[in-house]
Amino acid sequence: RLYEKERELENGENTDVKKMYDTLNYIIVAKKEGKEIVFYDKKNLEKLFSIKDINNDDNTKMFELSKNLVCVSYKNTINVIDTEAKKVSFYYENKNDKINYMQCYEVINKKNILVSYNLSKEDDKSILYTLEWNDKELKEKEAIEDLNCKMISKANNNKAIIYCKYGINAIELKN
């Protein structure tokens with residue numbers, strides 16, 4: 001039965017898939033044409049809903065804040081999608097005009113997200129931001145420049161391990 005669902009996804013309406021994202025609860029498909037993303041329930045591969053007019057490209061990252069909140073990055077913006085309401089509930093824009101795209105991310109706990117943004121291609125540098133989510137908005141809490149952070153991994157609810165130009169380091173998040 002699962003194989004049939006997979007074949008339906010592969011051969012059915014989704015032959016125009018640009019990229020597929022796997023989160024804890026969803027399979028999210030970005031369409032080749034237009035600015036549409038489609039959400040599928042990961043357990044049974046049923047189509048849940050789609051959102052149109054949402055920017056995404058090959059550098060887009062998608063991740064869950066919680067079962068009902070999914071983030072979609074595009075250049076210097078993050079759209080927070082409420083999967084129950086089936087719409088963008090919040091839009092965050094980083095005002096740093098040198099940002100090129102999100103390099104990596106990690107949701108550390110329900111409040112804190114670490115995000116590494118690549119700066120313009122000429123700089124070959126990155127900035128590591130701690131973003132804070134308070135159920136209503138996403139805002140910048142702290143920034144560390146010139147780390148060239150390429151990977152982030154959650155260690156526990158207050159710590160993350162990062163791989164940057166200085167090697168492997170731990171970062172403890174302040175409350």
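Predicted model: local features only at pLDDT ≥ 70, side-chain atom pairs only at ≥ 80, totals over all residues.

User: What volume does the largest pocket have, and which residues line the largest pocket?

Analyst: Rolling a probe the size of a water molecule over the atoms shows where empty space is left. On a 1 Å grid over the protein atoms alone, a pocket is an open set of points where a 1.4 Å probe fits, with protein on both sides within 12 Å along at least five of seven lines; lining residues have an atom within 4 Å of a point. Grid points are joined across faces, edges and corners, and the volume is the space filled by probe spheres set on the points. Here the largest pocket has a volume of about 160 Å³. Among the residues of its lining are Leu24, Tyr26, Asp41, Lys42, Phe49 and Thr83.

User: How many residues of each class are in the lining of the largest pocket?

Analyst: Ala, Val, Leu, Ile, Met, Phe, Trp, Tyr, Cys and Pro count as nonpolar, Asp, Glu, Lys and Arg as charged, and the others, Gly among them, as polar. The lining has four nonpolar, three polar and five charged residues.

User: How many salt bridges does the count come to?

Analyst: Side chains of opposite charge can pair when their charged atoms come close. A salt bridge is a side-chain nitrogen of Lys or Arg within 4 Å of a carboxyl oxygen of Asp or Glu. By this rule there are five salt bridges. One of them joins the side chains of Lys42 and Asp22, at 2.5 Å from N to O. This pair links distant parts of the chain, 20 residues apart: Lys42 is in the loop between strand S3 (37–41) and strand S4 (47–51), and Asp22 is in strand S1 (residues 17–22). Strands (E, at least two residues) are DSSP runs, numbered from the N terminus.

User: Is Asp22 buried or exposed?

Analyst: Buried means under 20% relative accessible area, exposed over 50%, and partly exposed in between (1.4 Å probe, protein chains only). Asp22 has a relative accessible area of 55%, so Asp22 is exposed, whereas Lys42, at 32%, is partly exposed.

User: Which residues are linked in a network of salt bridges?

Analyst: The network consists of Lys111, Glu132 and Lys141. The side chains of Lys111 and Glu132 meet at 3.9 Å, N to O. Lys111 lies in the loop between strand S9 (99–107) and strand S10 (112–119), and Glu132 lies in strand S11 (residues 126–133), 21 residues apart. Lys141 also meets Glu132, with 3.8 Å from N to O. Glu132 is buried, with a relative accessible area of 16%, while Lys111 is partly exposed at 45%.

User: How many aromatic pairs are there?

Analyst: Rings of Phe, Tyr and Trp (its six-membered ring) pair if their centres lie within 6.5 Å; planes under 30 degrees apart count as stacked, over 60 as edge-to-face and the rest as tilted. The count comes to five aromatic pairs. In one of them, the rings of Tyr26 and Phe39 have centres 5.8 Å apart and planes at 85°, so the pair is edge-to-face. Tyr26 belongs to strand S2 (residues 26–31) and Phe39 to strand S3, 13 residues apart. Tyr26 is buried, with a relative accessible area of 6%, and Phe39 is buried, with 0%. Tyr26, Phe39 and Phe49 form one aromatic cluster.

User: Which residues is Thr130 in contact with?

Analyst: Contact means heavy atoms within 4.5 Å. Leaving aside neighbours within four places in sequence, Thr130 is in contact with several residues, including Asn112, Leu114, Lys141 and Leu173. Thr130 is found in strand S11 and is buried, with a relative accessible area of 8%.

User: Where is Cys104 found?

Analyst: Cys104 is found in strand S9 and counts as buried at 10% relative accessibility. Not counting residues up to four places away in sequence, Cys104 touches residues including Leu114, Ser116 and Cys149.

Methods: Residues numbered from 1 in each chain as written. Heavy atoms only, no water. Helix = DSSP H or I, 4+ residues; strand = E, 2+ residues; numbered from the N terminus.
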